[in-house]
Amino acid sequence: MKRIKQGDEVIVVAGKDKGRRGSVLRVFVDGRVLVENVNVAHKHQKPNPNAGVPGGIIEKEIPLNASNVMLYNPATEKGDRVGVRVLEDGRKVRYFKSNNEVLDS
């Protein structure tokens, strides 16, 4: 079971955007995550009239390594480590290690 999933609220713990929060837009197979409004780069784009794409400088989110983000715990308002446990009914759920609060309902 993955510790970070699409739609999770994460906080960046390393790099130029350290301390910023955002929602995970996509999780890649190679261990990278795309976080909303984090790790933004400027891309110089040529116009393509056939596709209706205007030219200019666009801002684009670049994926960052999953080891540089932690799940945001709203109870402690900090980044938190995540563990996986099996419930009595056989379901696997993620939980915050600081306060044992179950993340998946």
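Which residue forms a salt bridge with Asp17, and how far apart are the closest N and O atoms?

Guide: Asp17 bridges to Arg20, with 3.6 Å between the closest N and O atoms. A salt bridge here is a Lys or Arg side-chain nitrogen within 4 Å of an Asp or Glu carboxyl oxygen. Before going on, a word on what you're looking at: this is a predicted model, where local features need pLDDT of at least 70 and side-chain atom pairs count only at pLDDT 80 or more, while totals for chains, interfaces and linings use all residues. Residue numbers run from 1 along each chain as its sequence is written, and side-chain values use heavy atoms, with hydrogens and water left out.

Back to your pair. Asp17 counts as buried because its relative accessibility is 12%, whereas Arg20, at 38%, is partly exposed.

The whole structure has 5 salt bridges, so let's set two others beside yours. Arg94 and Asp8 meet through their side chains at 2.7 Å, N to O. That one ties distant parts of the chain together: Arg94 sits in strand E10 (residues 92-96) and Asp8 in the segment before strand E1 (9-12), 86 residues apart. Strands (E, at least two residues) are DSSP runs numbered from the N terminus, as are helices (H or I, at least four). Both Arg94 and Asp8 are buried. Then there's Arg91 with Asp89, where the closest N and O atoms are 3.1 Å apart. Arg91 is partly exposed at 39%, and Asp89 is exposed at 53%.

Arg21 in E2 stands opposite Ile11. E1 also pairs with E7, again antiparallel and over 3 bridges, with Val10 and Leu71 as bridge partners. Put together, that's an open sheet of 6 strands with antiparallel pairing, in the order E6-E3-E2-E1-E7-E8. E6 (64-65) and E8 are the edge strands, each with a single partner, so one side of each has no neighbour in the sheet.

Val10 and Leu71 turn up again in the largest nonpolar core, a set of 12 residues that also includes Val24, Val35, Leu64, Val69 and Phe96. E1, E3 and E7 are the elements giving two or more residues to this core. A nonpolar core means buried Ala, Val, Leu, Ile, Met, Phe, Trp, Tyr and Cys residues joined through side-chain atoms within 4.5 Å. For a view from inside, take Val35: leaving out residues up to four places away in sequence, it touches Val10, Gly22, Ser23, Val24, Leu25, Glu61, Leu64 and Val69. Contact means heavy atoms within 4.5 Å.

Now follow Asp80 towards the end of the chain. Ser98, in the segment after E10, joins Asp80 through a 2.4 Å polar contact between side chains. Such a contact is a pair of N or O atoms within 3.5 Å; within protein, one must be able to donate a hydrogen and the other to accept it, and residues adjacent in sequence count only if both atoms are side-chain atoms. Beyond neighbours within four places in sequence, Ser98 is in contact with Asn73, Thr76 and Asp80. Ser98 is partly exposed, at 48%.

One last stop, the backbone. Most residues other than glycine have a negative phi. Asn39, though, has a positive phi of about 60 degrees, in the loop between strand E3 (32-35) and strand E4 (40-45). Glu77 does something of the sort too, with phi near 55 degrees, in the loop between strand E7 (69-73) and strand E8 (78-80). Asn39 is buried at 19%, while Glu77 is exposed at 58%.

Key
Buried < 20%, exposed > 50% of the residue type's maximum accessible area, 1.4 Å probe, protein only. Pairing = 2+ DSSP bridges.
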